[in-house]
Amino acid sequence: MKISWLDARSLGDAKEAILQEALHYRLEGIVAEDPADFADLPPTLTKVLLPRKELPAEFGDASVVIVDPAVHGVTPAELALTYPDIEFGRFVEIIDAPTLEDACESARTEKWSVLLFRDPTKIPLEIVIAAAARAKGSMITVAKDVEEAEIIFGVLEHGSDGVMMAPASVGDAAKLKAAATADVPDLDLVELTVEKTEHIGMGERACVDTCTYFREDEGILVGSHSKGMILCVSETHPLPYMPTRPFRVNAGAIHSYTLSKDERTNYLSELKAGSKVLAVDIKGQTRLVTVGRVKIESRPLISIDAVAPNGQRVNLILQDDWHVRVLGPGGVVLNSTELKPGDTVLGFLPSEDRHVGYPIDEFCLEK
């Protein structure tokens, strides 16, 4: 999980409400420039002192103090000798090559580094992340809004360790925390035994083209019912007559469910450019990927019925063609038209019913 710091140094009339929101959503830290601002904050919160001008005579309840040696005339190492119970870090504003090198050095050596990148490009941040890949300290990058925070968390697939952001209004603290906790949990896949396949005639199916290359043992979970899905493999494996398309999953009929962010299900028919879907590998490891396009076309369809060890039945309707495939144990690629009773496929059994895609504990019968 990433670190989320709320910059409270310039909040206006909504300051009290925003601070209460930050406490409610359990942001990790509050940044202030006056130690008195920490007086009513709980001890579980990281209290970050980041003065823009001179350092105060005392640090009060601050647990982390960030200094800019050029402004404050002292280094984190020098302060640590005098205040051994406080953690110190360095603020660096990156505007050119020398300050970029300062940021790299800080990220490699300091306990905390707070970095402000003045230019909109994320290339300097990429350089700092790469330079500090083996460092033990934490790098906090300043974001102007939640949208930039989400980008910062994903740079180089690792992202900054945390983000510091001054919220513009009530609600931004909650959104920042959501961006910081966007990691998706792994899933417990099960082995399903095929009971029957049936050619069911024409219908619309959806190819989900993403902005990501899938691995050979990876795809998306798709099913006719929200409580049972089968792992459909991407087109990463060679096919006759056509090139591989490792960004694509020929996923199933348009009514089918797939998993997306926050454990929500989406119909394949409602996915569009910019949607998020959950990529899943044969070990149940997951990651969110972005949809670039969905192709819905009329094709012959095949229905696959399978059963889980607990007796639960799962259905998946796919395009009725040999090149449309699912995954079995160990990453075995199974052509849908060659599946027969007794074959084993990988699947997932969500435990909750759904209302507009969100998990909910209620009675729901799907047939």
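T210 finds its bridge partner in β16 at V291. The strands named here are DSSP runs of E with at least two residues, numbered from the N terminus, and two strands are taken to pair if DSSP finds at least two bridges between them. The model is predicted, and local features need pLDDT of at least 70, side-chain atom pairs count only at pLDDT 80 or more, and totals for chains, interfaces and linings use all residues. Residues are numbered from 1 along each chain as its sequence is written, and side-chain values use heavy atoms, with hydrogens and water left out.

With strand β9 (residues 190–210), β16 pairs in the antiparallel sense over 16 bridges. Five bridges link β15 and β16, again antiparallel, and in β16 it is T286 that stands opposite V280. The hairpin of β15 and β16 has four residues between the strands, and there G284 takes a positive phi near 85°.

Strand β17 (residues 313–319) runs antiparallel to β16 and is joined to β16 by seven bridges. D305 stands opposite N315 of β17. Five residues lie between β16 and β17 in their hairpin, where G311 in the turn has a positive phi of about 90°.

Turning to S269, this residue sits in the loop between β14 (265–267) and β15 (276–281). S269 is partly exposed, with a relative accessible area of 39%; buried means under 20%, exposed over 50%, and partly exposed in between (1.4 Å probe, protein chains only). Neighbours within four places in sequence aside, S269 is in contact with I254 and I296, contact meaning heavy atoms within 4.5 Å. The C-alpha atoms of S269 and H255 are separated by 6.5 Å, with the two residues 14 residues apart along the chain.
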